[in-house]
Amino acid sequence: MKEVVEFLTLLHANNDKAWFDAHKESYKQALSCFQEFTTRLIDGISRFDPMVAGLTVKDCTYRIYRDVRFSADKSPYKTHMGAFIAPHGKKAGYAGYYFHLEPVYDAGSWSQGSLLYAGLHCPLPQVLQSVREEIVDNGAEIEEAIHTAKGFSLDESEKLKRLPKGYAPGSPYDELLKLKEIGLVKRVPIEYVLNENLLENVLKDFRSTCPLVSQLNRAVQYAYEEMM
């Protein structure tokens, strides 16, 4: 993964088309390395979460080109590479496992450093409602799944100040019900990324989040069936 780290570090300092075009071969080599890692990551995750079996790299990865139409930051390229491994691919709306490699953390910008994320991001309203019903019915199981994920913390960045409409206060799961998405985050240093056992370490970490991802996807699947 050293090749990817080196390229992204240089791109962070030279985020313009002229530099990128002059270093296109370096980009292709870094991309190939990341894609190979993603292939192995998909295979590894599928061994403890069979719902992701059969996915391809294209199903899980993203273009490096930024959409700058509505952004004040007009930097043309992302300074990270990421793979979201979820049932039916990154756009299907299911919970999954996201590996985010970003060697340079720039406080105050949209960059965020390298991390692992497991959960449900930006769910449809019907899906979020189904997840909240799952929390009401099986909140203890969800809390246990959160605590089982060693080294991860609950992402509370997208959270309502009050309980959503239709939920009376007083439940032991009020704080979970306020969340607009359910996810676990583990921020990792560059030493983690460059470790020769990166794949094994990522798989071990994601395996600990599988109970939560599986429970969330049960709620997602129920919502989709109701929407048909």
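**Figure 1. Helix α1 spans residues 2-13 of a predicted model.** Its 12 residues reach 17 Å from the first C-alpha to the last, close to the 16 Å expected at 1.5 Å a residue, the expected span being 1.5 Å times one less than the number of residues. Helices (H or I, at least four residues) and strands (E, at least two) are DSSP runs, numbered from the N terminus. The buried residues of α1 are V4, V5, F7, L8 and L11; buried means under 20% relative accessible area (1.4 Å probe, protein chains only). These buried residues pack against α2 (17-22), α3 (24-46), β1 (81-85), β2 (96-101) and α7 (190-194). Residues are numbered from 1 along each chain as its sequence is written. In this predicted model, local features need pLDDT of at least 70 and side-chain atom pairs count only at pLDDT 80 or more, while totals for chains, interfaces and linings use all residues; side-chain values use heavy atoms, with hydrogens and water left out.

**Figure 2. Helices α1 and α3 pack at an angle of about 135 degrees.** Their axes, which are lines fitted to C-alpha atoms over the stretch in contact, lie 8 Å apart. Angles run from 0 to 180 degrees between N-to-C directions. The contact (heavy atoms within 4.5 Å) is made by E3, V4 and F7 of α1 and S26, Y27, Q29, A30, C33 and F34 of α3.

**Figure 3. F34 is a buried residue of helix α3.** Its relative accessibility is 2%. Leaving aside neighbours within four places in sequence, F34 is in contact with M1, V4, T61, M81, G82, A83, F99 and L101. F34 and T61 are 27 residues apart along the chain, and their C-alpha atoms are separated by 9.5 Å.

**Figure 4. Helix α5 (residues 125-148) packs with helix α8 (residues 198-227).** The angle is about 165 degrees, and the axes are 9 Å apart. This makes α5 roughly antiparallel to α8, the term for angles over 145 degrees. Residues of α5 in the contact include Q126, V127, S130 and V131, and among those of α8 are S208, P211, L212 and Q215. By class, the contact has 14 nonpolar, six polar and three charged residues. Ala, Val, Leu, Ile, Met, Phe, Trp, Tyr, Cys and Pro count as nonpolar, Asp, Glu, Lys and Arg as charged, and the others, Gly among them, as polar.

Methods
Buried means under 20% relative accessible area, exposed over 50%, partly exposed in between (1.4 Å probe, protein chains only). Angles under 35 degrees count as roughly parallel, over 145 as roughly antiparallel, 65 to 115 as roughly perpendicular and the rest as oblique.
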